[in-house]
Amino acid sequence: MFIEISNLKKSYTSGLVKTEILKGIGMELNKGEIGVILGPSGSGKSTLINIIGGIDRCDSGQILIDGLEINSLNDEKLTDYRRKDIGFIFQFYNLVPNLTVGENIEVVSNISKSPLNTDEVLASVGMTDKKFRFPRELSGGEQQRVSIARAIVKNPKLLLCDEPTGALDFSTSRSILQLLQQVNKKYGTTILMITHNTAIAAMANRVYKVRSGEIAEILINEKTIPAERIEW
Ligand SMILES: Nc1ncnc2c1ncn2[C@@H]1O[C@H](COP(=O)(O)OP(=O)(O)OP(=O)(O)O)[C@@H](O)[C@H]1O
Ligand SMILES: [Mg+2]
C-alpha cells in the first residue's frame, strides 16, 4: 500500500467550541493508482488531503505514505516531505502572476532534487508554444495545465488535486482529466483527487465517499474508464 491511513482525527477549536472535522478516517491506496474523494461541501475533504500533503497536521491517527509515518515528523522533516514527495493542484491554479509560464515551472524545479526537464513537462501538458506568456494571457484551462506542469516537474510520488476541474467547462475539464491520467501512466504517479463530480469516479481505481468527517463508503473499480469516455 502506498497510502495507509488509520483512525485519523482532526478538530478545530474556535473560542470555547471544539468541532471534530475528521472522525477517524481510514483509507488505503496502492502505488500508481488513482483515488477519488467525493462528498458534500464541508464534509472534510480538503482538510483530509491537506493533512496527507503535510500542509496541515492531524490530532491523532496513523498516516503512512510510502512507508513514511508523516504524523510523527518534526516541522522541518514534514516540510521536506511536502517539497520532495508531494505535488499539489488546486481549483484556482495559484500561479505567480508576474512570472511567465516557463518561470512558474522553474521556480519549483530549481528547488527540487531530481526535477524533470521543464521543456519535457511543458510539452506533456501541451503548452510548449506558451512558455513565454504570463498567466493573465492564458485561458482557465491553460492555466490549469501550467499548474499541473508545475506540480509534476519535481517528479512527486503523490499528486494531490483539490477540485482541479471545479472552475472549468466540460470539454476543458475532460482534457485536464485525460492529462492527469497520462501523468499517472507515464510517470507512475499516484493521484488522489477531490471532486464534486460523481462521473469522474469512473476513472478512479478507488472511490472514497466522505460524509461529515467519516468515510461512508469505499468503492473499488476493477475496470477504470479512460477520461475521454467520461460524460456528464
Ligand atoms: N482552519 C479552520 N478553522 C476552523 N474550521 C475549519 C478550518 N478549516 C476548515 N474548517 C471547517 O472544517 C469543515 C471541513 O472543511 P473542508 O474545507 O475540509 O471541507 P470540504 O469537504 O473540502 O468542503 P468543500 O467541498 O466546500 O471544499 C468545514 O466545516 C470548515 O468550516
Ligand atoms: Mg474543499
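**Reading the ligand shell and the sheet**

Guide: Helix α1 contributes the most to the shell around ligand 1, with three residues; helices (H or I, at least four residues) and strands (E, at least two) are DSSP runs, numbered from the N terminus. This is a predicted model, in which local features need pLDDT of at least 70, side-chain atom pairs count only at pLDDT 80 or more, and totals for chains, interfaces and linings use all residues. Residues are numbered from 1 along each chain as its sequence is written, while chains are lettered from A and ligands numbered from 1 in the order in which they are written.

Visitor: Which residues are around ligand 1?

Guide: A residue is near a molecule if its C-beta atom, placed from the backbone, lies within 6 Å of it. Around ligand 1 these are Tyr12, Ser14, Ile21, Gly39, Ser41, Gly42, Ser43, Gly44, Lys45, Ser46 and Thr47, and the elements giving two or more residues to this shell are β1 and α1.

Visitor: In what order do the strands of the sheet lie?

Guide: Strands of a sheet pair through backbone hydrogen bonds, either parallel or antiparallel. Pairing is assigned if DSSP finds at least two bridges between two strands. Here four strands form an open sheet in the order β2-β1-β4-β5, with antiparallel pairing, and the edge strands, each pairing on one side only, are β2 (17-29) and β5 (68-69). Between them, β1 (residues 3-14) and β4 (residues 60-65) pair over five bridges, and serine 6 stands opposite glutamine 62 in β4.
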